[in-house]
Structures are given as structure tokens and as C-alpha cells.
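Biologist: Could you put the structure up, so that we can go through some strands, rings and side chains together?

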Amino acid sequence: MKLLHKDIEKDNAGQVTLVPEEAEDMWHTYNLLQVGDSLRASTIRKVQTESTTGSVGSSRVRTTLTLCVETIDFDSQACQLRVKGTNIEENQYVKMGAYHTIELELNRKFTLAKKNWDSVVLDRIEQACDAAQKADVAAVVMQEGLANLVLVTPAMTLLRAKVEVTIPRKRRGSCTQHEKALERFYEAVMQAILRHINFDVVKCVLVGSPGFVKDQFITYLYKEAVRQDNKLLLENRPKFMLVHSSSGHKYSLKEILCDPTVTSRLSDTKAAGEVKALEDFYKMLQHEPDRAFYGVAHVEKAADVLAIDTLLISDKLFRHQDIQTRNRYVRLVDNVRDNGASIDFSWTVSSELTQLSGVAAILRFPIADLSEPEDESSSDDD
């Protein structure tokens, strides 16, 4: 993401102009947008024209509109973002108050205006515009005939390719068909790696499978790399790491990231940091429960007495449409940050955090168990 202009007033109202440069930037934009914001961007509008003879035709024109945001639709697999709202600035093609849908595009700027830019939103802009925070981990989870290639970014997990090839069973006395199908499968996975992994950025490529599928694939990969003199694969051979996974389905990625040998190898990546922080929380909950709190009401009380050492909070909470509820989470983050605690805004482990109301904390010192029930309003309805 590129920041072209930023104009925030003392009352926190203002606007920013940004250019999304890659698919993940659409995810950041989705988290920046809220109902009631003003979005200005270039878009295509179908307009009707009437000729001097009275015949009516239609054409598609590119124009710039400013919408008051009403609905936000994000396709996480395609990383496409559509924003629907009413036109709030005079335009020769679109009447004031008319509805329109803008599909934000890569490498095309947009301007977002808000009445209140809180600290969490401003942090997200800083994170999105930091060139160092990119997809530094790739993973291939596979089994015979199925492979999922995933990029793990600081903000989300992106499925980049799914390879499916039917593998015939071995027959007594002949394995030819089975071996040919396996070779086609391995070739397709290799091509997906070459197409989707940027080895200038990626620090580690995890290859996980049950049994020996991963070993056979890596043997094939480097045999082909040598045969084709593929210097890209040969030079990046040390980045490949073989690990066990229970299947070739995408959900096996979490189990791979929790592997101790993987977390030590990925110690400087954000994804591994999130997984480790959640593991540390569960260990604390098991062995010293008075130093592990979850649920926003309990965590707020721990924050009030400066007890929080690490705060884990799900990105999902900051998409809450209720302004008061969202502001509650922002105040919690600001309070904890001001008191020197570390904060993990988690997407990688967001589903696990959701089971803990989206908020968990490891404390600096024990606090006796709080008997008050968790505030029901703290759960996220999204």
C-alpha cells in the first residue's frame, strides 16, 4: 500500500489517499472502511444517452464518485472489495443520492474520509504501508493428488493455488499409471510454487504432508531443478523445510505452524509470533490461571490495574458496526499500549481467539479470579 496524502485534524477528522499495490492491500482497506465513511474513487458507470433523433442508447463511462459508505463486501479468496453507497458530490453522470457500487482496483488511488481516525485504524495504515511487512512465509500442504499453496502474510492467510490430480491406485504387477499421475501432480505443484512464491520476500517454504509424499515431492522438485537448470529453485533450496501434516487440506496449516521446530525456524515472522503468543496464553491458563484472563470485561479490569503483559485481540472486533462497541476495543488497546504491554492484532489465530470472545491477556502478576460474569455485549456479532 502506498500513502499519497494524509490530512488528519486535531479532532481526528480528516482523510487519507492510498493506492493498493497488491491483493493483501484490499484486506487492509476492508478493515479501514466503516459504514458512514466517505469514499472517493474512480469507477465505471453505465449511462443512458439520447441522440438528436430521439433514440436512446447506453454507454459505460469512467468517472470519479464520492460515496457515503453503506455496505462493504469483501471476497477473501479473490481479494476483491466492493463498496456500495449513495453519491454525495455533484457529478455529471450520477445524481446526488443515487446508489452506486465501487469495486476498488489495484494501482488505482482512492480517498477515504472519516469523522474519527482512531489509533487502531492509523496503526493499520502504518502496517499496510510498511514494505517490510509482507508475505514472508509460504506453505504447501499436500497429500497424494491434493495440494494447497498458501502465503502467510502479517495480516491474513492467502490461498494462492489448489492442485488436484486423480491418482490411480497401484495395480499388482504394474505401477506405471500411478507413477505417471504422481509425476503430473508433482509437476503441477512445482509450477504453482514458481508462479506464486516471491523468493525475494519469502524466508521459508513449509512443505507438509502425511507419510512420505513431501519427501517424494522434494526429491522430484530438485531432480527437475537440476535437469532444467532452474537457478531460482537451486539457489533457494535452503528455504524449503519438510514438516508433518495430517492432510493436504488448508486447515492443516495451523497444525504446521504450531510445530516447535517450525516456530523456532520462523521466530522472526509475525505469523509464528501470533501462534506462540496464543500457546503461551493457554499454558498460563493451565498452570497459573490467575495470570491468564479472557473476555473483554475481565481483560479491561486487568488493564485498569496495569497488570497486562501481552494482549491478544482479534482483528475481527475492529470491524464491529456499533461505534460504541468498537470504541471500547480501541480504548482497551490504547490503555494497554500506554502501559508498555505488547499487543498482537491477530488474524492467523483469529478463529481460536473468537472462542475467547476475541480478547485474551497474559498478566504480569496474578489477580484473584473475577467472579463477575462476562459482559454479554462484549461478544462480536459482526
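Predicted model: local features only at pLDDT ≥ 70, side-chain atom pairs only at ≥ 80, totals over all residues.

Biologist: How many bridges do E4 and E5 share, and in which sense do they pair?

Modeller: E4 and E5 are paired in the antiparallel sense, with eight bridges between them. The two strands make a hairpin that has four residues between them, and Cys79, which is in the turn, shows a positive phi of about 55 degrees.

Biologist: And what does Gln80 touch there?

Modeller: Gln80 belongs to strand E5, which covers residues 80-87, and, if residues up to four places away in sequence are not counted, Gln80 touches Asp73, Phe74, Asp75 and Glu103. For Gln80 and Glu103, which are 23 residues apart along the chain, the C-alpha atoms are separated by 7.5 Å. The side chain of Gln80 also makes a polar contact with the side chain of Arg82, at 3.4 Å.

Biologist: Is Gln80 buried, exposed or partly exposed?

Modeller: The relative accessible area of Gln80 is 31%, so Gln80 is partly exposed; buried would need a value under 20%, and exposed one over 50%.

Biologist: What about E3 and E4, how many bridges do they have?

Modeller: E3 and E4 pair over 13 bridges, in the antiparallel sense, and one of the residues to look at is Arg40, whose bridge partner in E4 is Thr66.

Biologist: Switching to rings, how many aromatic pairs come out?

Modeller: The count comes to 10 aromatic pairs. One of them is formed by Trp27 and Phe74, a tilted pair with 5.7 Å centre to centre and 55 degrees between the planes. This pair links distant parts of the chain, since Trp27 is in helix H1 (residues 23-32) and Phe74 in strand E4 (residues 56-75), and the two are 47 residues apart. Trp27 and Phe74 are both buried.

Biologist: Which geometry does the pair of Phe281 and Tyr282 have?

Modeller: Phe281 and Tyr282 form an edge-to-face pair, at 5.7 Å centre to centre and with 65 degrees between the planes, where an angle over 60 is what edge-to-face requires. As for accessibility, Phe281 counts as buried because its relative accessibility is 0%, while Tyr282, with a relative accessible area of 33%, is partly exposed.

Biologist: Which rings link into a cluster?

Modeller: Phe185, Tyr186, Phe217 and Tyr220 are linked into a cluster by ring pairs.

Biologist: And where do charged ends sit over rings?

Modeller: Two cases can be named here. The charged end of Arg237 sits over the ring of Tyr222, 4.2 Å from the ring centre, and the charged end of Lys114 sits over the ring of Trp117, 5.6 Å from the ring centre.

Biologist: Let's move to His178, what lies around that side chain?

Modeller: His178 is part of helix H3, residues 176-196, and a polar atom of the side chain of His178 lies 2.8 Å from the backbone oxygen of Pro168. When neighbours within four places in sequence are left aside, His178 is in contact with Glu144, Ile167, Pro168, Arg169 and Lys170. The relative accessibility of His178 is 7%, so His178 counts as buried.

Biologist: Last topic, in what order do the strands of the open sheet run?

Modeller: The open sheet is formed by five strands in the order E10-E9-E8-E11-E12, with mixed pairing. Strand E10 (157-164) and strand E12 (240-244) each have a single partner strand and stand at the edges, so one side of each is left without a neighbour in the sheet. On average, neighbouring strands of this sheet are turned by 20 degrees against each other, direction ignored.

Biologist: How do E9 and E10 pair?

Modeller: Strand E9, residues 146-152, pairs with E10 in the antiparallel sense over seven bridges, and within that pairing Val163 in E10 is the bridge partner of Ala147.

Key. Residues numbered from 1 in each chain as written. Heavy atoms only, no water. Pairing = 2+ DSSP bridges. Axes fitted to C-alpha atoms, helices over the stretch in contact; angles between N-to-C directions. Phe/Tyr/Trp six-rings, centres within 6.5 Å; stacked < 30°, edge-to-face > 60°. Buried < 20%, exposed > 50% of the residue type's maximum accessible area, 1.4 Å probe, protein only. Lys NZ or Arg CZ within 6 Å of the ring centre and 35° of its normal. Polar contact = N/O pair within 3.5 Å; in protein donor to acceptor, adjacent residues only side chain to side chain. Contact = heavy atoms within 4.5 Å.
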